[in-house]
Amino acid sequence: MDNPVTPRAAGPGPRRRDRHGRGMRGPIAPPQVPLAASRAEGFADLVQDSVERLERRWPQLADIDFLVIGVPRLDGPREAWNDEAVPLGGTIPSQEGLRARVIVYRRPVEIRTKGRDERAALVHEIVVEQVAELLGLTPETVDPRYGED
């Protein structure tokens with residue numbers, strides 16, 4: 001070994017370029033535009049918009065937690081898979097100091113809708129139905145525009 005090749009000095013941090021030498025890629029869109037939000041964040045915003053719309057008429061909704069869960073879980077002994085439709089939402093009544101909860105399942109809703117407007121309408125319909133169930137009212141009482149296209 002007359003002329004050994006000395007290895008390049010490693011920099012203090014991770015490599016800053018990809019193997020083609022173009023450098024690291026930046027974000028596709030700035031953080032303030034809707035494209036930068038994930039699908040889950042966008043869906044949670046639809047649920048929040050629906051809740052805010054209903055809270056104007058029903059201030060007691062401030063005592064209910066609204067949750068977005070990806071897919072429904074069926075892990076109780078009385079809950080078994082069947083041939084019926086997959087649930088789009090659900091409720092958990094208040095118990096022993098815990099607040100009541102309304103749950104909207106994101107993936108089943110996304111699969112059933114084509115665009116943002118259609119998804120927003122279905123989310124609102126689900127939230128109205130679940131709130132009506134918790135309050136013991138009809139969906140038309142909770143939102144007079146329920147069922148309108």
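The model is a predicted one, in which local features need pLDDT of at least 70 and side-chain atom pairs count only at pLDDT 80 or more, while totals for chains, interfaces and linings use all residues. Residues are numbered from 1 along each chain as its sequence is written, and side-chain values use heavy atoms, with hydrogens and water left out.

Let's start with the overall layout. The protein has four helices and three strands; here helices (H or I, at least four residues) and strands (E, at least two) are DSSP runs, numbered from the N terminus. Read from that end, the order is α-β-β-β-α-α-α. Of the 149 residues, 26% are buried, where buried means under 20% relative accessible area, with a 1.4 Å probe and protein chains only. The accessible surface comes to about 11600 Å², and carbon and sulfur atoms make up 50% of that; such areas come from the Shrake-Rupley method with a 1.4 Å probe, and for residues only the protein chains shown count as cover. As for contacts (heavy atoms within 4.5 Å), 59% of those with a separation of 6 or more link residues 24 or more positions apart.

Next come the strands, which pair if DSSP finds at least two bridges between them. β3 pairs with β1 (residues 64–69) in the parallel sense, over six bridges, and Y105 of β3 is the bridge partner of I69. β3 also runs antiparallel to β2 (residues 89–92), to which four bridges join it; in this case G90 has I103 of β3 as its bridge partner. Five of the six residues of β3 are buried, so the strand is largely enclosed by the rest of the structure.

Then there's R106, which sits in helix α2 (residues 106–112). R106 is buried, at a relative accessible area of 18%. Not counting residues up to four places away in sequence, R106 touches R39, A40, F43, V68, I69 and G70.

That leaves the nonpolar core, meaning a set of buried Ala, Val, Leu, Ile, Met, Phe, Trp, Tyr and Cys residues joined through side-chain atoms within 4.5 Å. The largest one has 21 residues, and V109 and V127 have the most contacts inside it. At least two core residues come from each of α1 (39–55), β3 (100–105) and α3 (116–135), with α3 giving the most, at seven residues. Leaving aside neighbours within four places in sequence, V109 is in contact with F43, L88, V104, R119, L122, V123 and I126.

Technical notes: Buried < 20%, exposed > 50% of the residue type's maximum accessible area, 1.4 Å probe, protein only.
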